[in-house]
Amino acid sequence: MIAAQYLATEPDARFADAAVPMSLLRERAHNLRWATLPPDVIALTAADPDFAVAAPIREAITDYVRGGVFSYGPPAGLPEFRQACARVLQRRKGWWSCEPSQIVAVDSAAAGMLHVARFALAPGDEAIVFDPVDFIFTSAVEAAGGVVRRLPLDPQTGRFSTEALAGLVTARTRLLCVCNPHNPTGRVFSAEELRALGDLAVAHDLWILNDEIWSDIVFAPTHFVSLPTLGDAIADRTITVHGLSKTFGLAGLRVGFIAAPSAEVARELLAASLASSTMTGVSTLSQVAATAAYSHCWDWADGFVAHLHRQRDHAVARLARIPGIEVRVPEGTYVLFPKVTARDPRTGAAMGSEALAAHLLERGRVAVVPGASRWFGPGAEGHLRLVFSTSRAILDEGLDRIAHALAS
Ligand SMILES: Cc1ncc(COP(=O)(O)O)c(C=O)c1O
């Protein structure tokens with residue numbers, strides 16, 4: 001606990017204002033971010049760090065490139081990467097066992113979600129998906145031919161009702177999608193909530209698509225519980241997806257992994273992914289980078305989380321002082337999801353999320369993601385999502401602009 005308090009208060013030069021490589025971000029950071037926006041706009045949009053990656057990742061990439069051989073890799077992933085993934089699950093996520101044979105390397109968590117959906121769903125089968133939640137869940141289910149059934153989360157508390165959950169199950173339900181920690185509410189689900197989800201899956205013989213990509217970004221004293229650690233019956237039907245975009249800043253390298261409950265399910269997932277026929281697959285260079293991250297960069301990641309902890313507290317305190325904004329303190333992730341109430345200055349009508357985000361961009365020169373259905377589902381309306389995985393100076397500038405634009 002002393003260490004956590006120390007980490008949460010001590011500044012770290014690796015995440016200082018001067019550490020943000022702004023000219024490179026303006027060239028390379030796409031997906032609604034710096035490279036896609038006019039130069040005078042502050043980007044608090046897609047959830048991607050504004051910092052360069054840790055040195056051991058760059059060194060591993062450079063060494064591999066110097067070797068000059070870029071042959072095909074094994075379809076399920078490089079042995080050293082699968083080994084590193086299994087080690088992370090055991091050492092950092094509380095899994096009591098995990099073999100490399102349970103791991104399938106994938107070219108991003110998003111791709112992993114698609115493979116799980118294609119494995120679990122036949123056309124017309126139903127999948128339960130939180131609302132709100134990152135749009136990738138609905139995209140994956142629909143791309144697999146499945147039908148989305150939305151489980152409402154209270155956007156302010158991030159909680160679901162167990163009655164509503166039970167009421168969604170039909171004869172066609174095959175898949176339950178869990179996002180923990182949750183994007184965009186920042187909720188870290190308790191063991192009790194996870195057990196309710198897991199028990200439902202066991203009772204109705206459902207697969208669980210368990211997205212834990214955010215599970216390294218959890219703020220003390222909140223404790224992260226990994227779903228498969230809740231017992232064999234739940235673990236046997238849980239397929240966990242991880243990626244390295246959020247913790248290690250490797251979004252552009254498109255790398256992640258699926259952890260299956262057994263080697264046999266891993267083989268079926270590999271078949272669903274089409275990687276054996278080389279139509280999909282993750283580049284060996286990306287796996288080399290990811291292996292370096294998992295093997296040598298936890299000190300960097302811990303420093304990053306400590307920086308994010310300070311950023312979260314600062315941003316929440318500032319947002320809470322802006323009239324019209326109600327913000328909940330996220331226990332994990334680096335996104336904030338405030339409810340924003342504002343009126344159109346010309347008509348006096350309440351502004352929806354899209355109009356608000358457009359107003360902030362136009363008047364405030366700050367970009368955020370609107371709580372629009374296309375990003376998070378209908379339950380996100382009235383909210384904005386903003387990220388704080390940047391420097392204090394950029395965060396403050398963004399928050400100043402939001403405050404001024406809302407005041408106008
Ligand atoms: C919950 C969740 N899952 C998956 C992803 C996608 O990660 P990747 O870059 O590995 O595809 C994101 C990115 O925002 C996310 O928030």
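The lining of the largest pocket draws at least two residues from each of helices H2 (22-28), H3 (55-67), H5, H6 (136-143), H10 and H15 (373-376), where helices are DSSP runs of H or I with at least four residues, numbered from the N terminus. The model is predicted, so that local features need pLDDT of at least 70 and side-chain atom pairs pLDDT 80 or more, while totals for chains, interfaces and linings use all residues. Residues are numbered from 1 along each chain as its sequence is written, and side-chain values use heavy atoms, without hydrogens and water.

A pocket is an open set of points on a 1 Å grid over the protein atoms alone, where a 1.4 Å probe fits, with protein on both sides within 12 Å along at least five of seven lines; lining residues have an atom within 4 Å of a point. The largest pocket has 48 lining residues, and Asp48, Gly249, Leu250, Ala251 and Gly252 lie nearest its centre. By class, 30 of the lining residues are nonpolar (Ala, Val, Leu, Ile, Met, Phe, Trp, Tyr, Cys and Pro), eight are polar and 10 are charged (Asp, Glu, Lys and Arg).

The ligand takes up the space of the largest pocket, with more than half of its atoms within 2 Å of the grid points. Around the ligand stand 14 residues, each with a heavy atom within 4 Å of it. Helix H5 (109-120) gives three residues, the largest share of this shell. A ligand oxygen atom is 2.8 Å from a side-chain N or O atom of asparagine 183, and a ligand nitrogen atom is 2.6 Å from one of aspartate 211.

Key: Polar contact = N/O pair within 3.5 Å; in protein donor to acceptor, adjacent residues only side chain to side chain.
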